[in-house]
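Q: I am new to this structure. Please take one part of it and walk me through that part closely.

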Amino acid sequence: MFDFKFDWCKEMETGVSIIDAQHQELFRIGRDLEQLIFRGRNATSQELLNLICELREYISYHFYTEEDLMATHNYPLTAQHIISHNKFRANIVDINLPLLGRHPEQVLPQIKESLQDFLFNHVLTEDRELGVYILKLAS
Ligand SMILES: [Fe+2]
């Protein structure tokens, strides 16, 4: 994969403002994660823990928002979209905190890669499809 930088770009937009705002927040969390990787051993356990908690909470909140929109709009691809959410959520929930505490230099890049893959693949395909559907209903 090319060097993805958590820089927001127009191509990532779904056109649904609440989804786009939340995706931008996930990019911000991704940039914070990169900062912790950059700081390496200087990152404290509390900072690591705060980041993981924030990521877990924000992902749940964001998925809830999208799934609520899908239900409200009777989105036909809801079931498969939720499967993608659940897969990614499981990755984040399964982060091994004791291992992260001992080897942040190993675990943080894995989390970063997982978040990058999710944002790049899921947002550009499934979330954009959802956006097209919602915008079409609104027009
Ligand atoms: Fe989604």
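A: Start with the whole. The protein chain has five helices and zero strands. From the N terminus on, the order of elements is α-α-α-α-α. The radius of gyration is 16 Å, close to the 14 Å that the globule rule gives for 139 residues, so the protein chain is as compact as a globular protein of that length. This is a predicted model. Its C-alpha atoms fill a box of roughly 50 × 25 × 25 Å along the principal axes. Buried residues make up 12% of the 139 residues. Among contacts with a separation of 6 or more, 76% join residues 24 or more positions apart.

Now the part itself. Helix α1 covers residues 17-39, which is 23 residues. From its first C-alpha to its last, α1 reaches 33 Å, close to the 33 Å expected at 1.5 Å a residue. After α1 comes G40. The phi of G40 is positive, near 55°.

Which residues of α1 are buried? They are I19, H23, G30 and L33. An α-helix has 3.6 residues a turn, so residues three or four places apart point the same way.

Two packed helices are described by the angle between their axes and the distance between the axes. α1 and α2 pack at about 165°, and their axes are 11 Å apart. An angle over 145 degrees counts as roughly antiparallel, so α1 is roughly antiparallel to α2. The crossing of α1 past α2 is left-handed. On the α1 side, the contact is made by I18, I19, Q22, E25, L26, I29, D32, L33 and L36. On the α2 side, it is made by E47, L48, L51, E54, L55, Y58, H62, T65 and E66.

Next comes α5. α1 and α5 also pack at an angle of about 165°, with their axes 10 Å apart. That angle makes α1 roughly antiparallel to α5. Here too, α1 passes its partner in a left-handed crossing. From α1, the residues I19, H23, L26, G30, L33, E34, L36 and I37 take part. They meet L108, P109, I111, K112, L115, L119, V123, D127 and G131 in α5.

How values were computed:
Residues are numbered from 1 along each chain as its sequence is written. This is a predicted model: local features need pLDDT of at least 70, side-chain atom pairs count only at pLDDT 80 or more; totals for chains, interfaces and linings use all residues. Helices (H or I, at least four residues) and strands (E, at least two) are DSSP runs, numbered from the N terminus. The radius of gyration is taken over C-alpha atoms; the globule rule is 2.2 Å times the number of residues to the power 0.38. A residue is buried if 20 or more other C-beta atoms lie within 10 Å of its own, exposed if 12 or fewer, and partly exposed in between; C-beta atoms are placed from the backbone. Two residues are in contact if their C-beta atoms, placed from the backbone, lie within 7 Å. The expected span of a helix is 1.5 Å times one less than its number of residues. Axes are lines fitted to C-alpha atoms, for helices over the stretch in contact, and angles run from 0 to 180 degrees between N-to-C directions. Angles under 35 degrees count as roughly parallel, over 145 as roughly antiparallel, 65 to 115 as roughly perpendicular and the rest as oblique. A crossing is left-handed if the near helix is turned anticlockwise from the far one by less than a right angle, and right-handed if clockwise.
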